[in-house]
Amino acid sequence: MNTAARMESTSARNRIQISQVTADLLSASGFSNWITPRESKVLVKGKGEMRTYWLKTNAETGLEPSELKNGLQTVDETLTDSSFTSSVREANEIGEQYGIEAMTKTDRLVEWNVEVLSPLLQQIIASRGGTVDPDDQELSQQEATIGTGETVLEEFVPIISLKRFDAGELSRRQKASSIEIGEKAKSQLRRYLANVASMYQDNPFHNFEHASHVTASVKKLLTRIVNLDDGHGLKTSTGEVDLVDMAGHSYGITSDPLTQFSVVFSAIIHDMDHPGVPNAQLVKERTRNAQIFKKSVAEQNSVELAWGMLMDKEYKALRACIYQTEDDLRRFRQLVVNTVMATDIVDKELQALRKSRWETAFADAPGNQIVGLSSDHDCKATIVIEHLIQASDVSHTMQHWHIYKSWNQKFFMECYAAYKAGRAETDPSLNWYKGELGFFDFYVIPLTKKLDSCGVFGVSSHEYLSYALNNRDEWAREGEHLVQDYLAKYEEMDTKQ
């Protein structure tokens, strides 16, 4: 709104001028023909030079009023989907659907996550022909042997072997909408997620709302994991995604619903019991978990807690929906381990491994192709999954400015509280402004460019990059003042307590 108000003085009579962000959203929604760039950049007070666009009139686009209305509705969906507001709204609607007015915010988020995971469970069951047997004794014995090593990190593998489905299997697959997961399994799913939520600490940033925010981004990227707008024929006449065609464009991710479920599940549990301080501080304090795990402490702890709880006998029906064979059980475990470990972006060894794999799998230089189509696809799928969860973990930096600003403030409050409690040596406010610029320049923006290079996320990669660049510019202008605002708000809150 601030940008729009300042742009008003540079517009023209009977014309509608829009910003780069709005133009990108229109293009992302398939309406690039609605806009035309101005011949030169305009000088906007307080913003500097900006590239802006004219919104074409009905006569120029040749659109009927009904087409315009439908188009605007699609753009609105793109706007709302880009922020966590859509997730909260969905949770509220679900609460109303169940006739529960007294649901807490956490209850509503739990319910929203139930509705995210339930369709994926239906797809998993459909992929194996509708089979669900919760009383498989042999599988129970195998469950008892999974994850029994000294640490979670020792299970990490550079490349995950995904399950392959041929075109015939995919074309014969039962419609997921016809599958019933059953009230028992759904009740267990709801109870499990409620217990997960209860194991998130009451941190300003690393809390269950953050986990749900990450899940919303993962859901969005999985939905857009191939570019459906370029006419590749990946949608049927009913609007459903054709998994047969998509399998080749996503390195097998979209043809295996267990892979998708695992990534979403990992997003939900990835910060369970997060103590509100970084791993380095836990190691320095020699906490019990730090002595057990040595590195990636918070991430390993999250996996261990979430997995241990899932293996409890009260979730037997839920587990039967997720997997029915030892191979699926082990693949599920591997996907969860790798996906959650990918959220540790500080560990230098893991960073070096990711960089090396990226250069091998996606660099254009001759000879960089991994031998064997299956191995090549597995490597690329592993990398795509890692980048998907990493982008989602910091997705607030790639959304609307007010979303970024809100989560940035929460993270500052968490870090500053740790400093005031003696759990950080340096006052974070001293370098917060410059640190955020560095984070954008050396992590967020390169990450969004890699999302684009992967070639599977379609318009979302352009959208994320555009928001990241705009937020970086906005932070450069307003960040120093915002840090002072954060400090004032912390002191005000501290005084009231």
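Author: Let's start with α12, where 13 of 13 residues are buried. Buried here means under 20% relative accessible area, with exposed over 50% and partly exposed in between (1.4 Å probe, protein chains only). Before going on: this is a predicted model, so local features need pLDDT of at least 70 and side-chain atom pairs count only at pLDDT 80 or more, while totals for chains, interfaces and linings use all residues. Residues are numbered from 1 along each chain as its sequence is written, and side-chain values use heavy atoms, with hydrogens and water left out.

Helix α12 covers residues 257–269, and its end C-alpha atoms sit 18 Å apart, which agrees with the 18 Å that 13 residues should span at 1.5 Å a residue. That expected span is 1.5 Å times one less than the number of residues. Helices (H or I, at least four residues) and strands (E, at least two) are DSSP runs, numbered from the N terminus.

Which residues does F332 touch, leaving out those up to four places away in sequence? The list is L258, F261, S262, F265, W307, L310, I322 and Y323, where contact means heavy atoms within 4.5 Å. F332 is also among the residues with the most contacts inside the largest nonpolar core, together with Y192, I269 and W475. That core has 104 residues; a nonpolar core is a set of buried Ala, Val, Leu, Ile, Met, Phe, Trp, Tyr and Cys residues joined through side-chain atoms within 4.5 Å. In soluble globular proteins, nonpolar side chains tend to be buried together.

The largest share of this core, eleven residues, is supplied by helix α6 (residues 105–127). A second core of six residues is separate, and A290, F293, V297 and A418 are among its members. Back on α6, the 23 residues reach 34 Å from first C-alpha to last, close to the expected 33 Å. After α6 comes G129, which has a positive phi near 80 degrees.

Now move to Q324, in the loop between α16 (316–322) and α17 (326–341). Because its relative accessible area is 12%, Q324 counts as buried. Its side chain reaches the backbone nitrogen of D133 at 2.6 Å and the backbone oxygen of A320 at 3.2 Å. Both are polar contacts, meaning pairs of N or O atoms within 3.5 Å; within protein, one must be able to donate a hydrogen and the other to accept it, and residues adjacent in sequence count only if both atoms are side-chain atoms. Setting aside neighbours within four places in sequence, Q324 is in contact with R128, T131, V132, D133, D136 and L139.

N203 is another loop residue, placed between α9 (183–198) and α10 (208–223). N203 is buried too, since its relative accessibility is 10%. A polar atom of the N203 side chain lies 3.0 Å from the backbone oxygen of H206. Beyond four places in sequence, N203 touches H274, P275, G276 and E414.

If you like rings, there are 21 aromatic pairs. Rings of Phe, Tyr and Trp (its six-membered ring) pair if their centres lie within 6.5 Å, with planes under 30 degrees apart stacked, over 60 edge-to-face and the rest tilted. W401 and Y404 make a tilted pair, 5.6 Å centre to centre with 40 degrees between the planes. Both sit in helix α20 (residues 401–420), three residues apart, about one turn of the helix. W401 is buried at 18% relative accessible area, and Y404 is buried at 0%. Ring pairs also link F205, W407, F411, F412, Y416, Y419, W432, Y486 and Y490 into a cluster.

At 68% relative accessible area, L430 is exposed. Its C-alpha lies 9.1 Å from that of V483, 53 residues away in sequence.

Zooming out, the chain has 22 helices and five strands. Of its 497 residues, 50% are buried. Among contacts between residues at least 6 apart in sequence, 76% join residues at least 24 apart.
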